[in-house]
Amino acid sequence: MEYRLPFSACPFEHPEVVSAHSIFSGGNAVPNKTKKTSKSSEKFSVESIDANPWFDLETYMILSQTKRVEASTVELVETLWDKWRGHLNAKRISVGAVSYLLVWLGEDVEKEVNQAWDESPSRSFTMNSLAQAILMATVREFIPEVVGSSCAPVPKPTAGLKAALEEIGLPWKESSTLARQFAMLTYYPFKGSCDICHLKDECPSRAIRAES
């Protein structure tokens, strides 16, 4: 496992909700695999991206709400980091003039996390935190600006975007989540922070900042 110096800003504020950013500074796009037209006549294309995230210990510790990492946890994290990176997917979705980044971990990862709950809730929590950290590291790899903004806004679900997500196999749900437990979606490239987020009115972090 590779380590990089942790960044100083806060991590993304919605790791459990669909949200992410990208700019192609950390991956390579391959030729279009999909180019179709949605029912609303919005043309969309989907490209695969080669993602190679770096592990950020500080982000993991914040997500796992711990100030100390035991040796047994380090061993588990190292093993799963190497294993789960093989289940990491990244796509660039273009709908008209607007583009998005979609990153997610395959179904095998969420099954492994959920099955671990019956044997050890604490182990499952560690695994859940690591899965989120992998997604956030992937997003940061593509767009460093997200570190300063501390937010990866969820895009408005247009008909074209929904059609593209359906084609990929991660349909948008009415609850503003995707069909995978560990998935992040946002504008590409960087467009802004919380003020353009589709879920800004429901964001607890935004509410807390407004009261402070």
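Me: What pattern does the protein follow when read along the sequence?

Reply: The order of elements is β-β-α-α-β-β-α-α-α-α-β-α, made up of seven helices and five strands. An element is called a helix if it is a DSSP run of H or I with at least four residues, and a strand if it is a run of E with at least two; both are numbered from the N terminus. The model is a predicted one, in which local features need pLDDT of at least 70, side-chain atom pairs count only at pLDDT 80 or more, and totals for chains, interfaces and linings use all residues. Residues are numbered from 1 along each chain as its sequence is written, and side-chain values use heavy atoms, with hydrogens and water left out.

Me: What makes H4 largely enclosed by the rest of the structure?

Reply: The term buried requires under 20% relative accessible area, exposed means over 50%, and partly exposed lies in between (1.4 Å probe, protein chains only). In H4, 18 of the 22 residues are buried, so the helix is largely enclosed. For the 212 residues of the protein, the buried share is 50%.

Me: What span does H4 reach from its first C-alpha to its last, and what is expected?

Reply: Helix H4 covers residues 121-142 and spans 32 Å, close to the expected 32 Å. The expected span is 1.5 Å times one less than the number of residues.

Me: Why are H2 and H4 called oblique to each other?

Reply: Angles under 35 degrees count as roughly parallel, over 145 as roughly antiparallel, 65 to 115 as roughly perpendicular, and the rest as oblique. The axes are lines fitted to C-alpha atoms, over the stretch in contact for helices, and angles run from 0 to 180 degrees between N-to-C directions. Helix H2 (residues 71-84) and H4 cross at roughly 50°, with axes that come within 10 Å; the pair is therefore oblique. Contact (heavy atoms within 4.5 Å) is made by Thr73, Leu76, Val77, Leu80, Trp81 and Trp84 of H2 with Arg123, Thr126, Met127, Leu130, Ala131, Ile134 and Ala137 of H4. By class, these residues are ten nonpolar, two polar and one charged. Nonpolar covers Ala, Val, Leu, Ile, Met, Phe, Trp, Tyr, Cys and Pro, charged covers Asp, Glu, Lys and Arg, and the others, Gly among them, are polar.

Me: How do you know that H3 is roughly antiparallel to H4?

Reply: The axes of helix H3 (residues 107-119) and H4 come within 6 Å and cross at roughly 160°. That angle makes H3 roughly antiparallel to H4. The residues in contact are Glu112, Val113, Ala116, Trp117 and Glu119 of H3 and Pro121, Ser124, Met127 and Asn128 of H4. They divide into five nonpolar, two polar and two charged.

Me: What makes Gln65 exposed?

Reply: Gln65 has a relative accessible area of 68%, and is therefore exposed. This residue is in the loop between helix H1 (57-63) and H2. Gln65 has a positive phi of about 55° although it is not a glycine. Most residues other than glycine have a negative phi.

Me: Why is Asp50 called partly exposed?

Reply: Its relative accessible area is 40%, so Asp50 counts as partly exposed. Asp50 is found in the loop between strand S2 (43-48) and H1. From C-alpha to C-alpha, Asp50 and Lys91 are 8.8 Å apart in space, and they are 41 residues apart in sequence.

Me: Which residues does a cis peptide bond join?

Reply: The bond joins Tyr188 and Pro189, with omega at about -5°. Pro189 lies in the loop between strand S5 (183-188) and helix H7 (204-211).
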